[in-house]
Amino acid sequence: MITGSFRSSPAIGATGILSLAVMVIFLLPLPATCQTDSLSVAARIELKSSVDRSEVPFNRQAIFTVEASWEGEQDRFSITPVGLPECENLEIVGSSSVNETRLEEGKTVSLKTFRFSLRPTQTGTGRIGSVLLGYVDNATQDSSALSTQPIDVQITPSVKERGPVPKTILIFVAAVILIYVIYSARRRTKRIEITREETKEPTPEDESPDDKALKNLDAINQRVQQGNLETFPSDIYSLLTGYLEAKYQIVTSGKTTDDIVDSLSNLDMPSERVNLLKSLLSACDLIKYARDRAEKEKCEEIARKAREFVEQNR
């Protein structure tokens, strides 16, 4: 029996060793490759919160923002809807959320942003409570939650605001300004035209036959004073006949002095003035055809009488 016992002992010992080896294999940690695969799906969410102003006038609003961000696409996590934060001296008057995906340093980053519009209910210190964000990792099916820290803001007295200007008033003011601009432009244009008319020198077409004849007589008399008497008789003759044509619409071209004088019979012109004209034309004929000598004193006398004739007919 001692021998049997001895023989049986090694058999029992071998079975125990085999069992122990199996247990040790199952208790060993997973290989490194398995650990790497598990880490490759690991991800985390960063949660931030902020308010757009630290002091909020009583008649204004503040925007409280909660932003969750993570690396990967939007469908990596299932986000539980965020509850409304508990507030002191503030009330929530509106909320919104938006999803965004962008590329940062070659990595895809997803964001989910929640915004709350807050309106003061009392001056003093206002507190925005914590916000709890629950989520599920769709790759590992792990669930977790994150929470923001409370934020305090100072609620100050109301600030003065300028009321909105009605559209009708704006339209009226714009119309008045437009009318004033148009009126001023027209007045300015008219003033410029009047100034131009006042400063505009009369053209030969605008001059009366009397003014034109007197102006030409001045030029002829100036030549006489300079001793230029050669063209004097022709100049005076052409001046007087041109004056008659322009003043009385009498045709003088191709007519003699007597014919021209006879043409004046139909006009209501005094006889002494007709005789003066006839004497002037005859004197020019005498000088022009060398029957009389052109002297300076005589030319001055003819020019003076020609001026007298024109001035009498004005």
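Tyr 243 and Phe 309 are both buried, buried meaning under 20% relative accessible area, exposed over 50% and partly exposed in between (1.4 Å probe, protein chains only). The model is a predicted one, in which local features need pLDDT of at least 70 and side-chain atom pairs count only at pLDDT 80 or more, while totals for chains, interfaces and linings use all residues. Residues are numbered from 1 along each chain as its sequence is written, and side-chain values use heavy atoms, with hydrogens and water left out.

A pair of aromatic rings is described by the distance of the centres and the angle of the planes. Rings of Phe, Tyr and Trp (its six-membered ring) were paired if their centres lie within 6.5 Å; planes under 30 degrees apart count as stacked, over 60 as edge-to-face and the rest as tilted. The structure contains 4 aromatic pairs. In one of them, the ring centres of Trp 70 and Phe 77 are 5.5 Å apart and the planes stand at 75°, so this pair is edge-to-face. Trp 70 has a relative accessible area of 2% and is therefore buried; Phe 77, at 5% relative accessibility, is buried. The pair of Tyr 243 and Phe 309 is edge-to-face because the planes stand at 80°, with the centres 6.2 Å apart. This pair links distant parts of the chain, since Tyr 243 lies in helix α5 (residues 232–248) and Phe 309 in helix α8 (residues 296–312), 66 residues apart. Helices (H or I, at least four residues) and strands (E, at least two) are DSSP runs, numbered from the N terminus.

Ring pairs also join Trp 70, Phe 77 and Tyr 135 into a cluster. At Phe 77, the charged end of Arg 76 sits over the ring, 5.5 Å from its centre; the criterion is NZ of Lys or CZ of Arg within 6 Å of the ring centre and within 35 degrees of the ring normal.

Phe 309 also belongs to the largest nonpolar core, which has 32 residues. Such a core is a set of buried Ala, Val, Leu, Ile, Met, Phe, Trp, Tyr and Cys residues joined through side-chain atoms within 4.5 Å. The members that touch the most other members are Phe 232, Ile 236, Leu 240 and Phe 309. Two or more residues of this core come from each of α4 (209–225), α5, α6 (257–263), α7 (271–288) and α8. The highest contribution is that of α7, with 8 residues.

Phe 172 is found in helix α3 (residues 167–199) and counts as exposed because its relative accessibility is 57%.

Positive phi values occur at Gln 141, near 65°, and at Gln 249, about 55°. Gln 141 is in the loop between β9 (132–137) and β10 (143–147) and is exposed at 56% relative accessible area. Gln 249 is in the loop between α5 and α6 and is exposed at 63%.
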